[in-house]
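Subject: Structure handover

Hi,

Here is the structure we talked about. Please load it first, then read the notes below.

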Amino acid sequence: MKQRLQAVLERIRQACERCGRDPQRVRLVAVSKTMPAERVRRAVEAGVRILGENYVQEARDKYAQLADLSVSWHFIGHLQTNKAKYVVRMFDLVHSVDSLKLACELDRQAARRERVQPVLIQVNISREESKSGVATEQIEPLVREVAVLKHLELQGLMTMPPFFDQPERARPYFRKLAELARRIESLNIPRVSMKELSMGMSGDFEVAIEEGATLVRVGTAIFGARR
Ligand SMILES: *Cc1c(COP(=O)(O)O)cnc(C)c1O
């Protein structure tokens with residue numbers, strides 16, 4: 001595990017070097033879904049700083065078992081509105097806001113806890129039926145609505161392209177997300193920043209970095225195959 005993690009960090013560093021980016025601006029989210037708490041603990045001991053989880057109940061169990069660790073938790077999966085209350089308590093960043101209804105509920109739960117919840121909006125660039133996320137043309141109106149929710153802080157966008165064997169084929173989707181973020185940034189909407197771009201997984205994170213990713217979500221390349 002330690003070796004695999006080191007290899008991923010080295011590949012991130014090299015990708016940054018190739019495209020002249022500061023490696024400090026690319027953070028690794030180690031996607032630990034389905035991995036038992038003890039394995040996740042070893043990953044954190046090996047140097048993982050951010051964990052990405054997809055399922056609320058699973059994450060709650062692990063969070064309780066790993067409460068002694070100093071590590072940041074990010075929520076990256078599809079989130080049902082009725083689970084928003086757990087998420088606000090545990091996660092430093094929610095990557096997967098995909099509706100105004102969910103945003104409003106996260107805002108309400110964050111208000112109850114007197115905190116401000118950082119979030120990203122998930123964009124469905126490829127328009128695949130099976131993927132969650134908001135269609136590109138609906139992003140601007142949603143951003144404007146989320147911007148006025150005082151207990152949310154919108155920090156950027158996330159996407160998940162279709163699965164390809166060749167990472168190069170994912171490049172156009174990453175590029176489109178970066179373009180969309182620049183366009184939103186240029187609107188200068190109060191309280192909206194587009195500083196984070198969450199894109200790239202085990203098979204394609206280097207391409208995503210070349211296109212501007214600031215958060216790469218890598219599971220298999222660190223933990224091995226999921227069962
Ligand atoms: C599972 C998952 C990942 C990690 O995928 P790997 O191919 O194992 O690196 C990244 N992002 C999301 C949203 C996921 O669900």
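**Strand pairing**

L51 stands opposite W73 in β3. The bridges behind this come from DSSP, and two strands pair if DSSP finds at least two bridges between them. Helices (H or I, at least four residues) and strands (E, at least two) are DSSP runs, numbered from the N terminus.

Before going on, the ground rules. This is a predicted model, in which local features need pLDDT of at least 70, side-chain atom pairs count only at pLDDT 80 or more, and totals for chains, interfaces and linings use all residues. Residues are numbered from 1 along each chain as its sequence is written, and side-chain values use heavy atoms, with hydrogens and water left out.

Back to the strands. Strand β2 covers residues 50-53, runs parallel to β3 and is joined to it by four bridges. Strand β3 spans residues 72-75. S72 and H74 point one way from it, W73 and F75 the other way, and all are buried. Buried means under 20% relative accessible area, exposed over 50%, and partly exposed in between (1.4 Å probe, protein chains only).

On its other pairing, β3 runs parallel to strand β4 (residues 93-97), with two bridges between them. H74 has L93 as its bridge partner in β4. F75 pairs with V94 there. V94 also stands opposite V119 in β5. Strand β5 (residues 117-123) is parallel to β4, and two bridges join them.

How enclosed is β4? Five of the five residues of β4 are buried, so the rest of the structure largely encloses it.

**Crossovers**

A crossover is right-handed if, with the strands pointing away from the viewer, the path from the first strand over the helix to the second runs clockwise.

- β2, helix α3 (residues 56-65) and β3 make one such unit.
- β3, helix α4 (residues 84-90) and β4 make another.
- β4, helix α5 (residues 100-112) and β5 also form a right-handed unit.

**H95**

H95 sits in strand β4. Its relative accessibility is 0%, so H95 counts as buried. Which side chains does H95 meet in polar contacts? One is H74, at 2.9 Å. Another is S198, at 2.8 Å. A polar contact is a pair of N or O atoms within 3.5 Å; within protein, one must be able to donate a hydrogen and the other to accept it, and residues adjacent in sequence count only if both atoms are side-chain atoms.

Leaving out residues up to four places away in sequence, H95 touches V29, H74, F75, I76, L120, I121, Q122, M158, S198, L215 and R217. Contact here means heavy atoms within 4.5 Å.

**Ligand site**

Which residues surround the ligand? They are V31, K33, N54, I76, M160, M201, S202, R217, V218, G219, T220 and R226.

A polar side-chain atom of K33 lies 2.7 Å from one oxygen atom of the ligand. For S202, a polar side-chain atom is 2.5 Å from a ligand oxygen atom. G219 uses a backbone N or O atom, at 2.8 Å. Taken alone, the ligand exposes 390 Å², and the protein buries 91% of that. Accessible areas come from the Shrake-Rupley method with a 1.4 Å probe; for residues, only the protein chains shown count as cover.

V8 is in helix α1 (residues 2-19). With a relative accessible area of 1%, V8 is buried. Beyond its neighbours within four places in sequence, V8 is in contact with L28, F205, V218, A221 and I222. V8 and E206 are 198 residues apart along the chain, yet their C-alpha atoms are separated by 9.7 Å.

Y173 belongs to helix α7. Outside four places in sequence, Y173 touches I125, S126, P161, P162 and F164. The C-alpha atoms of Y173 and P162 are 8.9 Å apart, with the two residues 11 apart along the chain.

**Positive phi**

Two non-glycine residues to check by eye:

- T34 has a positive phi of about 70°. It lies in the loop between β1 (27-31) and α2 (37-45). At 40% relative accessibility, T34 is partly exposed.
- N188 has a positive phi of about 50°. Its loop runs between α7 (171-186) and β7 (192-198). N188 is exposed, at 63% relative accessible area.

Best regards

Key. Near = heavy atom within 4 Å.
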